[in-house]
Amino acid sequence: MTVVADSTPLIHLSRISDLTLLRKLFGGILIPEAVQREVVIEGRSLPGARQVSEAIGDWIEVVRVSDPVAISSLIAERNLDRGEAEAIVLTQSRRADFLLMDERRAVACARSLGLEVFRTLAIYDYAKRLGVIQKIRPKIDSLRRLGFWLSEKDYEDVLRTFAGDES
């Protein structure tokens, strides 16, 4: 299975010590150089940067994306940042099974291109369905405590949709 990640799922999962969940679910993941730069270099003082840095070369592989025209087009025409654009182009070029991404505009763009996108909360749903985790609510609650924005209505909707009858 080939999986590409943008920066936000890496950051969110790292902040609540769940980055290795990606390894359990997917074996390994690919990230473009722009995502590495954003998370590990520019974000080196932010929570999660150290965990991502330590996983690079082990089960996270950094890949150079070599289609400057496609990247520039996504940045200019779809108003994406470089990491999002590179993640989408890498997903396409590697024919990846999943793209891990959270930003609404970037997710909409990726889906319009026919890519299968997992947002952070969907990663937890997938983990629960595979029996890797038992409950989603504590994960969502931890994310929210650390600044993951989710309206109360969306929170209830997510719990109803993903968590089912967990309490």
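Contact, in this tour, means heavy atoms within 4.5 Å. The model is predicted: local features need pLDDT of at least 70, side-chain atom pairs count only at pLDDT 80 or more, and totals for chains, interfaces and linings use all residues. Residues are numbered from 1 along each chain as its sequence is written, and side-chain values use heavy atoms, with hydrogens and water left out.

**Stop 1: helix 5 and helix 6**

Select residues 68-78 for helix 5 and residues 82-93 for helix 6. Helices are DSSP runs (H or I, at least four residues), as strands are (E, at least two), numbered from the N terminus. The two axes come within 9 Å and cross at roughly 130°; axes are lines fitted to C-alpha atoms, for helices over the stretch in contact, and angles run from 0 to 180 degrees between N-to-C directions. Helix 5 is therefore oblique to helix 6. Angles under 35 degrees count as roughly parallel, over 145 as roughly antiparallel, 65 to 115 as roughly perpendicular, and the rest as oblique.

The crossing of helix 5 with helix 6 is right-handed. A crossing is left-handed if the near helix is turned anticlockwise from the far one by less than a right angle, and right-handed if clockwise.

Next, display the side chains at this contact: Ala70, Ile71, Leu74 and Ile75 in helix 5 meet Arg82, Ala85, Glu86, Ile88 and Val89 in helix 6. By class, seven of these residues are nonpolar, none polar and two charged. Ala, Val, Leu, Ile, Met, Phe, Trp, Tyr, Cys and Pro count as nonpolar, Asp, Glu, Lys and Arg as charged, and the others, Gly among them, as polar.

**Stop 2: helix 3 against helix 6**

The contact is formed by Glu33, Ala34, Val35, Arg37 and Glu38 of helix 3 with Arg82, Gly83 and Glu86 of helix 6. Its classes are two nonpolar, one polar and five charged residues.

**Stop 3: salt bridges**

Side chains of opposite charge can pair when their charged atoms come close. Nine salt bridges are found in the whole structure, each a side-chain nitrogen of Lys or Arg within 4 Å of a carboxyl oxygen of Asp or Glu.

Select Glu54 and Arg50, whose closest N and O atoms are 3.1 Å apart in a salt bridge. Both residues lie in helix 4 (residues 49-55), four residues apart, about one turn of the helix. Glu54 is exposed at 51% relative accessible area, and Arg50 is exposed at 52%. Buried means under 20% relative accessible area, exposed over 50%, and partly exposed in between (1.4 Å probe, protein chains only).

Move to helix 8 (residues 120-129), where Asp125 and Arg129 are four residues apart, about one helical turn. They form a salt bridge with closest N and O atoms 3.1 Å apart. Asp125 is buried at 13%, whereas Arg129 is exposed at 57%.

Then select Arg144 and Glu152, a salt bridge with closest N and O atoms 3.2 Å apart. Arg144 is partly exposed at 26%, and Glu152 is partly exposed at 46%. Elsewhere, salt bridges that share partners join Lys153, Asp157 and Arg160 into one network.

**Stop 4: Gly147**

Finally, select Gly147 in the loop between helix 9 (137-145) and helix 10 (152-163). Gly147 is exposed, with 57% relative accessibility.
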